[in-house]
Amino acid sequence: MNKILELYDAEVRANPVATAGLSVIRDEHIVRLEGAFNYICSWTFPEDATEQVVSEQAEYFRERGESLMWRVYSHDKPGNLEDCLKREGFAASPSGTLIVLDVGAWEHSPCEHDIRRVETPEMLRDYLAVAAAAFGDEDDGKFEYFSKLLSNPKFALFTGYSDEEPVVSGRLEIPANSSFGQLFGGGVCPKNRGKGFYRALVGARVALARERGLKYLSTEARETSRPILEKLGFVTLAKETTWVLSS
């Protein structure tokens, strides 16, 4: 697993995807995304520079009146990073788990559930309706944001239906020159849980990942979804905590 984790750090974290409304910023110590949200994903600095770097990043976004996310994994260094984030005013979100699936090892039988690639505004509204039912997500500009990405080959939304009613949704992002596809937002409407829709959604994204030549699928799993994904063949790479500096 250590080799896969090293590959993930190099290919995903150090080379993030800049989708619509985001830019990749690289400075002496930090790789981050700026725009629709601000997120530090990779860094290289020694322990004796941690306090200064954290302070500089916090000051930059405070002056802009914007929030900032800084995701720290259990294997990350320097060891004093989280203490410095806390002192600077960052608050820790609930921990998650980075888990990964070997696409070539997926052996689940084809599922008869109706999973479709989102291609039209009507299908996008179905996708967002499921997200609202599954997670309580409000639109908050998501329709406009995702609309711009429907034709992007590095980005795929999926919605599953039961008798033409949307019941499951999730997305797949495919970074350039990467072995990893990234899964986000997999959710099932409460009344349709336990019927195989979640597994079917994963299977649809595995199929596209194979078509694109990806080796792995990765996701940051909540504790509610981690056991389900582990049963489907995902394995743990690292624990993570996202630290948030509010605007």
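Q: How many residues does helix H4 have, and what does it reach from first C-alpha to last?
A: Helix H4, residues 121-135, has 15 residues and reaches 21 Å from its first C-alpha to its last, close to the 21 Å expected at 1.5 Å a residue. The expected span is 1.5 Å times one less than the number of residues. Helices (H or I, at least four residues) and strands (E, at least two) are DSSP runs, numbered from the N terminus.

Q: What sort of model is this?
A: It is a predicted model, in which local features need pLDDT of at least 70 and side-chain atom pairs count only at pLDDT 80 or more, while totals for chains, interfaces and linings use all residues. Residues are numbered from 1 along each chain as its sequence is written, and side-chain values use heavy atoms, with hydrogens and water left out.

Q: Back to H4. Which of its residues are buried?
A: Met123, Leu124, Tyr127, Leu128, Val130, Ala131 and Ala134 are the buried residues of H4. They cover an arc of only 155° around the axis, which puts them on the same side of H4. That arc is taken from the directions from the helix axis to the C-beta atoms. Buried means under 20% relative accessible area, exposed over 50%, and partly exposed in between (1.4 Å probe, protein chains only).

Q: Which exposed residues sit on the face turned away from the buried side?
A: Glu122 and Arg125.

Q: And what do the buried residues of H4 pack against?
A: Strand S7 (114-117), helix H5 (142-147), strand S8 (155-162), strand S9 (165-173) and strand S10 (180-188). Contact here means heavy atoms within 4.5 Å.

Q: What follows H4?
A: Glycine 136, which has a positive phi near 75°.

Q: Changing topic: where is serine 178?
A: Serine 178 is in the loop between S9 and S10.

Q: Buried or exposed?
A: Serine 178 is buried, at a relative accessible area of 13%.

Q: What does its side chain reach?
A: The serine 178 side chain makes a polar contact with the side chain of glutamate 11 (3.5 Å). The serine 178 side chain also reaches the backbone nitrogen of phenylalanine 180 at 3.0 Å. A polar contact is a pair of N or O atoms within 3.5 Å; within protein, one must be able to donate a hydrogen and the other to accept it, and residues adjacent in sequence count only if both atoms are side-chain atoms. Leaving aside neighbours within four places in sequence, serine 178 is in contact with Glu11, Val12 and Leu214.

Q: How many residues are in the largest nonpolar core?
A: The largest nonpolar core has 26 residues, and those with the most contacts inside it are Val202, Val206, Leu217, Leu229 and Phe234. Strand S6 (96-102), S8, S9, S10, helix H6 (197-211) and strand S11 (216-221) are the elements that give two or more residues to this core. H6 supplies the largest share, eight residues. A nonpolar core is a set of buried Ala, Val, Leu, Ile, Met, Phe, Trp, Tyr and Cys residues joined through side-chain atoms within 4.5 Å.

Q: Salt bridges next. How many are there?
A: The count comes to 16 salt bridges, where a salt bridge is a side-chain nitrogen of Lys or Arg within 4 Å of a carboxyl oxygen of Asp or Glu.

Q: Which residue pairs with aspartate 9?
A: Aspartate 9 forms a salt bridge with arginine 13, and the closest N and O atoms are 3.1 Å apart. Both lie in helix H1 (residues 2-13), four residues apart, about one turn of the helix. Aspartate 9 counts as partly exposed at 21% relative accessibility, and arginine 13 counts as buried at 6%.

Q: What does arginine 64 meet?
A: The side chains of arginine 64 and glutamate 34 meet in a salt bridge (3.6 Å, N to O). Arginine 64 lies in helix H2 (residues 50-64) and glutamate 34 in strand S2 (residues 30-35), so this pair ties together parts 30 residues apart in sequence. Arginine 64 is partly exposed at 38% relative accessibility, and glutamate 34 is buried at 10%.

Q: What else involves glutamate 34?
A: The glutamate 34 side chain makes a polar contact with the side chain of arginine 32 (2.6 Å). Asp27, Arg32, Glu34, Arg64 and Glu66 are linked in a network of salt bridges.
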